[in-house]
Amino acid sequence: MPQLEHVGIAIDEVEAVINCFDDLLGTRPYKAETVASQQVRTHFLDAATAKLEFLDALNDDSAVQRFLDRRGEGLHHLAFEVDDADTAMERLRAAGFTLLSDTPQPGADDKRIFFVHPKETHGVLVEFCETTAAEWTADTITHDDGRTVATYERGAEDAPPLVLLHGAAGSIRDEIAPLMRRLESSYHLIGVDLSGHGASSLPPDDTLTMEHFVADVQATLDHYAVPEAHLFGFSLGSAVALRSAHAAPDRVKRLALFAPNHQWDASLAATMKARLRLDERSPEEKRALHAQHKNPERLFSALRDFVDSLPARNDAIADTLSGVRASTLVIGLDEDPLFPIESTLQVHEALPNARLSILPSRRHSLPKGPLPQVASLLHAHLS
C-alpha cells in the first residue's frame with residue numbers, strides 16, 4: 001500500500017507560515033528547493049511520520065498561485081509514495097481515474113510525480129511520487145596514492161554529524177540516498193562512496209582492502225573537520241564502520257549496523273562472488289551499473305578478490321568486534337538471503353555495548369527494505 005510521503009500546503013506569506021509552525025511544532029523547514037517546471041519553491045518541514053511541504057508560488061502563472069487566488073492558503077494536496085510512478089499511472093488510468101499529466105513529471109526532493117484530478121477524489125488533490133536516484137553533486141577527496149573518494153553532504157552543518165557507508169557494489173546515490181532523505185532534517189549527513197564504488201576511483205593497483213575503506217572514512221572526517229561522528233553502515237559498510245570505530249575510537253560516537261556479518265567461510269564467499277559477476281547481469285542491469293560506477297568491470301573483479309580474502313580474516317574481525325566500545329545498534333533482517341539471522345545475532349552478542357533489532361524483509365537491500373523502520377530506529381538510537 002502506498003505510504004503518505006508528505007502533505008502539501010499552499011502558502012502566501014512564507015516567513016509568517018514558517019514562524020507559525022515553529023511556534024506550533026518547535027521546528028523549522030530543513031531545506032528549500034525550487035522546481036522550475038512547476039513554478040514553485042518548496043519548503044520541507046519534518047513532521048516525523050510524514051513531511052510538510054510548504055508551496056510558495058514563483059509567479060502568477062503558477063498552478064499554486066491559481067489555487068491561492070481561488071481558495072487562499074491551506075491544504076493543497078496529499079502525496080503518497082510508490083515504487084514505480086509509471087506502473088501506478090497505468091493502474092489508475094485503467095481504473096478510470098483522470099490524471100493531470102500523460103507521464104510523471106519532475107518534482108522536488110528527487111521525485112517523479114503525477115496528480116489525480118480532485119473531482120474524482122472528493123475534492124482532495126492526490127499526488128503519487130516515486131523517489132529517483134539522487135542528482136547530488138559530489139565533493140572529492142584525494143588520497144596520497146592518487147585515488148579519489150566522492151562524498152555527499154546533506155543537512156545543516158551544525159547538526160550532529162553522521163557518516164553513512166554503503167554495501168559492496170553499492171553507492172551513496174543509489175543505495176544510501178533514500179535513507180539520507182529521511183534523516184537530513186536532523187543530522188549533518190556525509191555519505192561516502194568507498195574506494196572504487198560510485199564516483200570514487202580504485203587504488204592504482206586495482207586492489208581493495210579493509211584498510212583502504214577505513215582510510216576513506218578517516219579522510220572524510222578530516223576533510224569536513226569533524227572531530228567525532230556517528231557511523232552508519234549497510235552490509236560491507238557495517239564492517240567498515242566497525243573497523244573504523246576500532247581504529248579510532250575517539251572519533252566515533254555511536255554506531256549503527258544494518259545487515260552485518262562477521263563470519264566468512266568458503267561457501268559464503270562463493271555465494272558473494274557469484275553476485276559480483278557482471279557477465280551474468282541483464283543488459284538493463286549492466287547499463288545501471290555503468291551509470292552507477294566509474295568502472296564496474298574493474299570494481300567487480302577487485303571485490304571478488306577482496307571477498308576471497310575474508311575467510312582468512314575471521315580472527316581479526318572477532319578481535320575488532322570485542323574491542324569496539326561505542327554504543328552500537330545492530331539491525332538484522334529475519335529472512336536475509338545473503339546473511340542469515342544467525343549472523344546478526346552473533347554480531348550483537350560479540351559487541352560489548354550493543355542493542356538489537358530484527359526487521360521483516362526477504363531482500364538484502366536498504367532502499368528496497370524496511371526503510372521507514374530503519375530511519376525510526378536510527379533516530380531513537382542516535383538521539
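A: **Salt bridges and their surroundings**

A search of the whole structure, which is a predicted model, finds 23 salt bridges. The idea behind them is simple. Side chains of opposite charge can pair when their charged atoms come close. Here, a pair counts when a side-chain nitrogen of Lys or Arg is within 4 Å of a carboxyl oxygen of Asp or Glu.

Start with Lys31 and Glu33. They form a salt bridge, and their closest N and O atoms are 4.0 Å apart. How well is each partner covered? Lys31 has a relative accessible area of 14%, so Lys31 is buried. Glu33 has 23%, so Glu33 is partly exposed. The cut-offs explain the two labels: buried means under 20%, exposed means over 50%, and partly exposed is in between.

Next, take Arg313 and Glu211. Their side chains meet in a salt bridge, at 3.9 Å from N to O. Now find the two residues along the chain. Arg313 sits in the loop between helix H9 (296–309) and helix H10 (314–323). Glu211 belongs to helix H5, residues 210–223. The pair therefore ties together parts that are 102 residues apart in sequence. Arg313 is at 22% relative accessibility, so Arg313 counts as partly exposed. Glu211 is at 46%, so Glu211 also counts as partly exposed.

Arg277 is partly exposed, because its relative accessibility is 32%. Asp279 reaches 52%, so Asp279 counts as exposed.

Now turn to acidic residues of another kind. Asp12, Glu13, Asp60, Asp61, Asp69 and Glu73 gather on the surface in a patch of negative charge. Residues in such a patch have no salt bridge. Take Glu13 as one of them. Glu13 lies in the loop between strand S1 (3–11) and helix H1 (14–25). Its relative accessibility is 53%, so Glu13 counts as exposed.

What about links between cysteines? The count comes to 0 disulfides. A disulfide here needs two cysteine sulfur atoms within 2.5 Å. Two cysteines show contrasting cover. Cys20 is at 39% relative accessibility, so Cys20 counts as partly exposed. Cys129 is at 0%, so Cys129 counts as buried.

Finally, look at the backbone in two loops. His122 has a phi near 60 degrees, a positive value in a residue other than glycine. His122 is placed in the loop between strand S7 (111–116) and strand S8 (126–131). At 82% relative accessibility, His122 counts as exposed. Ala169 has a phi near 70 degrees, again positive in a residue other than glycine. Ala169 lies in the loop between strand S11 (161–165) and helix H4 (172–183). With a relative accessible area of 14%, Ala169 is buried.

Note on methods:
Residues numbered from 1 in each chain as written. Predicted model: local features only at pLDDT ≥ 70, side-chain atom pairs only at ≥ 80, totals over all residues. Heavy atoms only, no water. Patch = residues over 30% accessible without salt bridge, like charges linked within 9 Å, V, L, I, M, F, W, Y side chains within 5 Å. Areas by Shrake-Rupley, 256 points an atom, 1.4 Å probe, with all protein chains shown as cover. Lys, Arg positive; Asp, Glu negative; His and termini not counted. Charge placed at Lys NZ, Arg CZ, Asp CG, Glu CD. Helix = DSSP H or I, 4+ residues; strand = E, 2+ residues; numbered from the N terminus. Buried < 20%, exposed > 50% of the residue type's maximum accessible area, 1.4 Å probe, protein only.
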